[in-house]
Amino acid sequence: MRTSIYQGAFEKYLQPDLYQLDRNLFLAQFTVMKAIPAHNIISNALRSGRINKNTHVIDSSSGTFALGLALTCHYHDLKVTIVGDPAMDSTLIARLKELNAEVVITHATNQNGNHQLERLRIVQEVLGQDKNSFWCQQYDNLDNMRAYHDFARLLLRQFGDRLILVGTVGSGGSTSGTISYLRQMNPKIRMVVVDTFGSVLFGLPESPRELRGLGNSLLPKNLQHEFYDDIHWVAAEAAYAGTRELYRKHAVFAGITTGAAYLVAQSIAAEASPDQKVIFIGPDDGTRYMNTVYCDSWLATQGYAQLPMPQQCSTISSLHQVELLKAPWLHFPWRRRSFDEVTRHG
């Protein structure tokens with residue numbers, strides 16, 4: 001039996017569990033991955049004197065960064081406010097409050113039905129009310145990206161540099177930060193990222209997103225498009241199917257972003273050479289989804305009484321084809337180009 005003694009539970013949140021699921025398919029599974037950038041942002045701010053023990057920390061999130069930041073501030077004994085929206089379920093809100101976080105929920109949306117800009121407006125209000133406050137700025141603070149260099153070193157130690165890395169994108173920190181370090185060791189390492197429809201991250205028009213936990217309504221500075229080889233857009237039904245298949249086949253109890261990454265990674269691994277390891281990143285466990293994605297009756301109310309695992313994606317050569325195909329899973333060769341370069345040509 002392997003045992004590790006951590007200096008408290010928080011230290012474990014910063015470490016992934018590594019699983020081999022198939023011949024060349026591996027999973028780096030976190031419980032709360034966003035504790036990594038939250039811890040790096042707060043630790044660097046404390047070291048630099050930007051914040052102190054009386055500082056009021058704040059940021060916008062309705063997902064795992066909210067929990068990661070609450071855990072970090074609990075660890076450092078800091079006051080924290082999280083601004084979220086209705087996507088933040090009651091279980092997550094209860095966990096945040098138990099960690100002494102203040103939670104503000106806004107139901108307001110922009111004209112496209114998204115809450116993100118309204119959440120950021122409230123953050124600015126709170127900052128204006130408290131002079132000793134600190135906004136983590138998870139989307140644009142480059143300490144988010146840099147936080148993943150240790151994770152990249154772990155991957156190199158365990159797997160070498162014949163890798164294909166698969167990860168979901170929201171702030172861009174985990175994928176851009178990890179691959180930026182890996183490419184220093186081997187420029188040929190592929191980075192495949194998973195987004196969802198309605199997200200603007202890779203040039204699609206903004207619209208309401210059924211699948212939460214990945215995607216964005218704005219372009220974060222942590223998202224470095226030139227690092228990415230391929231982009232996959234995955235609809236909610238495909239991500240839900242991947243999540244359930246991952247549990248059914250491999251007994252990995254993970255969240256929907258992990259399920260979306262698994263859907264893409266297992267397809268890539270099936271076509272990759274035997275000596276090339278395909279590693280996908282799992283940002284959180286399945287705790288938040290017991291009453292939704294892991295609940296058949298809830299899936300039925302969403303129109304997913306039948307949830308077959310998609311067998312393949314459709315590859316497109318132009319962004320204009322996304323609306324034409326209306327498929328639940330699309331692949332687009334990004335080819336390490338800038339956002340402007342791709343969107344200018346469609």
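Is Glu245 buried or exposed, and what is its relative accessible area? Select Glu245: this residue is buried, at 19% relative accessible area (buried means under 20%, exposed over 50%, partly exposed in between, with a 1.4 Å probe and protein chains only). Before moving on, note that this is a predicted model, where local features need pLDDT of at least 70, side-chain atom pairs count only at pLDDT 80 or more, and totals for chains, interfaces and linings use all residues. Residues are numbered from 1 along each chain as its sequence is written, and side-chain values use heavy atoms, leaving out hydrogens and water.

Next, pick Asp89 and Arg288, another salt bridge, with the closest N and O atoms 2.9 Å apart. Asp89 is partly exposed, at 21%, whereas Arg288 is buried, at 15%.

Then go to Asp229 and Arg183, whose side chains form a salt bridge at 2.9 Å, N to O. Both Asp229 and Arg183 are buried.

Your next stop is Thr196, buried with a relative accessible area of 2%. Its side chain reaches the backbone oxygen of Val234 at 2.8 Å.

Finish at Trp233, one of the residues with the most contacts inside the largest nonpolar core, alongside Leu182 and Phe202. That core has 40 residues (a nonpolar core is a set of buried Ala, Val, Leu, Ile, Met, Phe, Trp, Tyr and Cys residues joined through side-chain atoms within 4.5 Å).

Methods. Polar contact = N/O pair within 3.5 Å; in protein donor to acceptor, adjacent residues only side chain to side chain. Salt bridge = Lys/Arg side-chain N within 4 Å of Asp/Glu carboxyl O.
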